[in-house]
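Here is a short note to read beside the structure. The points run from the overall layout to local details.

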Amino acid sequence: MRSSKKYVDETLKKYQLTANKALGQNFLVNQKITDKIIENANVNNNSIIIEIGPGLGALTEKCIETAKQVIAIEIDNNMCNILKDEFKDVSNLEIIHEDFLKLDFDNLLNALDKNSPITLISNLPYYITSQILTKLVFNDYPINTIVVMMQKEVANKLLNPSLKDYSPLHVLLEYKYNLKLITHVSKNDYLPRPEIDSMVLKIDKKQPIYQITDEQKFIQIVKSLFKNRRKTIVNNLLEYVNSKDEAIELLKSINIDVDCRIEQLNLEKIIKIAKKLGV
Ligand code: SAM
């Protein structure tokens, strides 16, 4: 069992390594949590699981038991070598030594069996949680279910963002996904022990209630609207219209206060603006 203190201790000793803090290496050492993640990942024996940051294989071990194919993407060559060694007899696991943020993910996904549902799981490296989620959510990848573990504060801000925290990532999540808390994870369930507790979230693609024809343009507009939070929406719209008057007219035509700032707009109003700009 790889999600145990004993395995992590012994394996690091065997390969004469220590956890690399700069890469966010906090290994999961509670099997109940690995079980919960897999139980909630909608996985069957026809599924493909993509794991970001397999580390010493706590989740990988469960994935290969459950899915048809597992692709694990790991930045640390030491971890890749351990996994290749420890899982050398496993035929349904592919280990890719890459930085997930730099990986051509479209290319990887295109090569997979189109008849198999794809699930993404990860005990996310905490230093790039938002960047990984942004890459997953801002691209139209054919992934229906994402189950990820992250620091408690970050998870709470995704589940219940305050106006101050609301960002393009939140807009896209609200537009395209359902978010659900799966479980809390104590900091004692990791080795080495991090400063704070974590949470596991399930992020499921949903049928959006608003029709958008050009999602990439929509994302660009949302990013522009959030660029200068202190400025009024009129100012943030100038990238897309010819004058302030035109921006004012646009907002008036959809009954949005011309003096408002981005934090005063909900998803519906943001979509209304984007639609006026042709998405
Ligand atoms: N999955 C293991 C577990 O649950 O015990 C390890 C999780 S640990 C929190 C995060 C893992 O992500 C580490 O193995 C780390 O080396 C890896 N990692 C960090 N940055 C990465 C990146 N940019 N791309 C892929 N993997 C990365």
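1. **Domains.** The protein chain is divided into domain 1 (5-205) and domain 2 (215-276). These bounds come from an automatic or database domain assignment. The centres of the two domains, taken over C-alpha atoms, are 35 Å apart. Their contact takes 13 residues from domain 1 and 12 residues from domain 2; contact means heavy atoms within 4.5 Å.

2. **Basis.** This is a predicted model, in which local features need pLDDT of at least 70 and side-chain atom pairs count only at pLDDT 80 or more, while totals for chains, interfaces and linings use all residues. Residues are numbered from 1 along each chain as its sequence is written, and side-chain values use heavy atoms, with hydrogens and water left out.

3. **A helix pair.** Look at α9 (residues 215-227) and α12 (residues 267-276): their axes come within 10 Å and cross at roughly 115°. Helices (H or I, at least four residues) and strands (E, at least two) are DSSP runs, numbered from the N terminus. Axes are lines fitted to C-alpha atoms, for helices over the stretch in contact, with angles from 0 to 180 degrees between N-to-C directions. The crossing is right-handed, meaning that the near helix is turned clockwise from the far one by less than a right angle.

4. **What meets there.** α9 brings Phe218, Ile221, Val222, Leu225 and Phe226, and α12 brings Ile270, Ile271, Ile273 and Ala274. By class, that contact has nine nonpolar, no polar and no charged residues. Ala, Val, Leu, Ile, Met, Phe, Trp, Tyr, Cys and Pro count as nonpolar, Asp, Glu, Lys and Arg as charged, and the others, Gly among them, as polar.

5. **The largest pocket.** It holds about 640 Å³ of space. Of its 43 lining residues, Gly24, Gln25, Asn26, Leu124 and Pro125 lie nearest the centre. β6 gives the largest share, three residues. The lining has 25 nonpolar, nine polar and nine charged residues. On a 1 Å grid over the protein atoms alone, a pocket is an open set of points with protein on both sides within 12 Å along at least five of seven lines, a cavity is a set where a 1.4 Å probe fits but cannot get out, and lining residues have an atom within 4 Å of a point. Grid points are joined across faces, edges and corners, and a volume is the space filled by probe spheres set on the points.

6. **The cavity.** The structure holds one cavity of 30 Å³ or more. Leu136, Asn139, Tyr141, Ile143, Ile146, Tyr177 and Lys205 line the largest cavity.

7. Most residues other than glycine have a negative phi, and most peptide bonds are trans. Gln16, not a glycine, has a positive phi of about 50°. Leu191 and Pro192 are joined by a cis peptide bond, with omega about -10°. Pro192 sits in the loop between β8 (190-191) and β9 (198-205).
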